[in-house]
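Hi,

Here is the structure I promised to pass on. Have a look at it first, and then read my notes below.

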Amino acid sequence: MNGQLDQSLIEQVKQALRTVVDPELGFNIFDLGLIYEVTADTTGTVHVQMTTTTRGCPATGYLQEGACNAVKQISQVVAVEVDLVYDPPWTPEKMSPAAKLHLGMDEGWGQ
Amino acid sequence: MAGVTLSRWTMAYFAMALLALLAAEVLMTAGYGYPQVPVGAPATLVLVHLVVLGWLSLLLCGAMFQFVPVLVAKPLYSMWLCLPVLGLLVAGLIMLLSGFLSLGGVIEPVLPFFALASGLLVAGFVLVLWDIGLTLWNARPLALPARFIVIGIASLAATVSFGAIFALLLGGVAGGFTISRLLVYGLPLHVIAGLAGWLTLTAMGVSYRLLAMFMLAPEQERVSSRAAFWLGTAALAVVVFGGSAAIVMNRAPWWMLLVGALLGLAAVALYVHDMMHLYHARKRRKIELNSTMAMVALAFLVAVALLIVVLLGMGQLTHHIAAVVFLGAFGWLSGLGLAMLYKIVPFLTWLECYGPVLGKGVTPRVQDLVEERRARKWFVLYFLGILGALATLLLGASIGFRIAAALMLVATVGIIVQLVRARRLDDVPSSVRFPAGSHRPRLLMALIQPR
């Protein structure tokens with residue numbers, strides 16, 4: 001990052017990532033907890049760290065590129081980099097309450 | 001691009017496999033093969049190989065070329081081999097069926113059918129072993145699901161070896177006392193290595209991973225899973241190596257089969273226990289139709305195990321062995337195969353059609369490609385047909401078997417129509433069917449767009 005963190009742009013990036021839907025779970029990748037970190041600076045450079053529900057999933061590349069496409073739609077964004085990470089691995093507990101509700105995942109279910 | 005890429009020919013494998021299943025069900029409905037004629041009659045052999053080679057093996061090969069890379073998170077060793085393998089296996093199957101038809105006097109032996117079948121099928125399966133084997137080798141150390149597949153493809157090698165010897169014997173190319181004894185006593189070894197080793201162990205390995213993935217269940221390597229793996233491996237080793245040794249030493253392999261059966265039953269019990277654990281520990285409470293139907297197929301595996309135990313206790317296993325094989329091939333393996341197809345076909349279609357435009361606009365979900373309520377009734381009819389067919393086989397009512405086979409045929413057609421609709425995006429709401437940049441997929445071949 002060259003400039004200072006731009007909180008307003010970070011919020012816009014998060015909203016943009018909410019438009020990318022995981023095809024298998026049918027919910028957006030942000031609320032599914034697949035986005036681990038978003039940073040954006042005042043020069044318009046965005047860095048996203050994300051994961052997938054399963055390592056090796058055939059959808060991985062599409063999700064990574066989908067996240068990149070969605071962020072590029074923001075006019076202030078000059079450059080975007082989306083990295084895939086698997087440490088820590090994704091678990092269903094990372095989902096937001098809305099995503100859990102969508103999948104019928106009650107608190108305590110399957111404990 | 002990160003992740004595993006789409007296999008271009010998976011849909012062609014699935015289409016050929018489904019065609020073979022339909023052909024087998026049409027023949028059963030028409031009264032061709034067992035129970036109208038004996039188990040060893042050429043007509044029955046046509047039917048059996050149409051199911052296990054044409055339907056189940058092609059289905060599994062197509063699925064493995066796509067999903068073994070997912071299991072091990074490594075690319076397939078050679079994507080290029082998929083089409084030649086399909087050609088070799090289909091040509092080999094046609095030669096084998098022609099050989100059985102000539103054996104039954106239906107067609108003239110205008111070609112050395114069995115020798116050609118042996119060469120083509122061995123070549124095709126050796127390439128499968130090479131491609132999948134090297135993919136697994138490059139992914140060492142392997143997790144438990146992939147180790148099941150290692151034993152599965154080792155069993156495939158044993159099945160094909162026995163099958164090639166039988167084909168050469170039937171074609172008059174090979175002979176000799178020991179090899180001729182193999183034809184008499186080796187048939188159970190060929191069947192067990194194929195159905196229990198190649199098809200069942202591979203399906204078990206894949207289901208450990210895929211069902212956990214689809215139901216959002218924890219993917220832990222449990223003690224019971226490892227025990228299921230070692231017991232299954234031991235069962236196959238006893239049957240294949242012990243059984244072969246017994247035949248070579250001029251003894252019947254029945255003791256080896258009994259020990260193998262006991263070890264195999266213990267492996268199945270642990271596997272079923274693990275699947276039930278996955279089901280109860282799942283985070284996704286509302287599971288999809290494919291997972292529900294996979295559980296029904298699992299119940300049929302339990303039924304196979306119970307039937308073996310009951311028939312062994314009654315001393316009737318040999319008499320009803322056809323019913324046991326039918327239940328395993330159609331209730332467990334075909335049931336699981338159809339259930340998984342109902343997930344895999346829409347999923348791969350989604351990736352092909354909507355993956356490239358993700359993040360650029362509104363895209364449908366995978367579930368938007370299917371209409372579960374419509375498909376459910378065909379699955380229910382299919383499994384009812386299986387139960388009816390099993391009852392008629394046990395009671396010896398061959399007309400009833402044909403009626404049950406007709407129900408299975410109608411149900412299979414119904415399921416195939418759903419798969420074609422998913423592939424053609426017919427059930428996707430028109431507002432999101434073709435976002436800018438997307439295209440209608442071809443029925444039999446994945447169009448992988450350059451990136």
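A quick definition to start: a polar contact is a pair of N or O atoms within 3.5 Å, and within protein one of them must be able to donate a hydrogen and the other to accept it. Between chain A and chain B, 8 residue pairs are in polar contact, counting pairs with both residues at pLDDT 80 or more. That pLDDT condition is there because this is a predicted model, so please keep that in mind as you read on.

Now for the place where the chains meet. Chain A puts 36 residues into the contact and chain B puts in 32. Together they bury about 3100 Å², with 60% of that on carbon and sulfur atoms. You'll also find 3 salt bridges between the two chains. One to look up is Glu24(A) with Lys343(B), where the closest N and O atoms are 2.6 Å apart.

On the chain A side, helix 2 (60-72) and helix 3 (97-102) are the elements that each give two or more residues. Helix 2 of chain A has the largest share, with 9 residues. By type, this side splits into 18 nonpolar, 13 polar and 5 charged residues.

Then there's a helix pair inside chain B. The crossing is left-handed. Among the residues that meet there are Phe14(B) and Leu18(B) from helix 1, and Leu341(B) and Val345(B) from helix 11. This contact divides into 11 nonpolar, 2 polar and 1 charged residue.

Cheers

Notes:
Residues are numbered from 1 along each chain as its sequence is written. Chains are lettered from A and ligands numbered from 1 in the order in which they are written. This is a predicted model: local features need pLDDT of at least 70, side-chain atom pairs count only at pLDDT 80 or more; totals for chains, interfaces and linings use all residues. Side-chain values use heavy atoms; hydrogens and water are left out. Contact means heavy atoms within 4.5 Å. Buried area is the accessible area (1.4 Å probe) that two parts lose on being put together, summed over both. A salt bridge is a side-chain nitrogen of Lys or Arg within 4 Å of a carboxyl oxygen of Asp or Glu. A polar contact is a pair of N or O atoms within 3.5 Å; within protein, one must be able to donate a hydrogen and the other to accept it, and residues adjacent in sequence count only if both atoms are side-chain atoms. Helices (H or I, at least four residues) and strands (E, at least two) are DSSP runs, numbered from the N terminus. Ala, Val, Leu, Ile, Met, Phe, Trp, Tyr, Cys and Pro count as nonpolar, Asp, Glu, Lys and Arg as charged, and the others, Gly among them, as polar. A crossing is left-handed if the near helix is turned anticlockwise from the far one by less than a right angle, and right-handed if clockwise.
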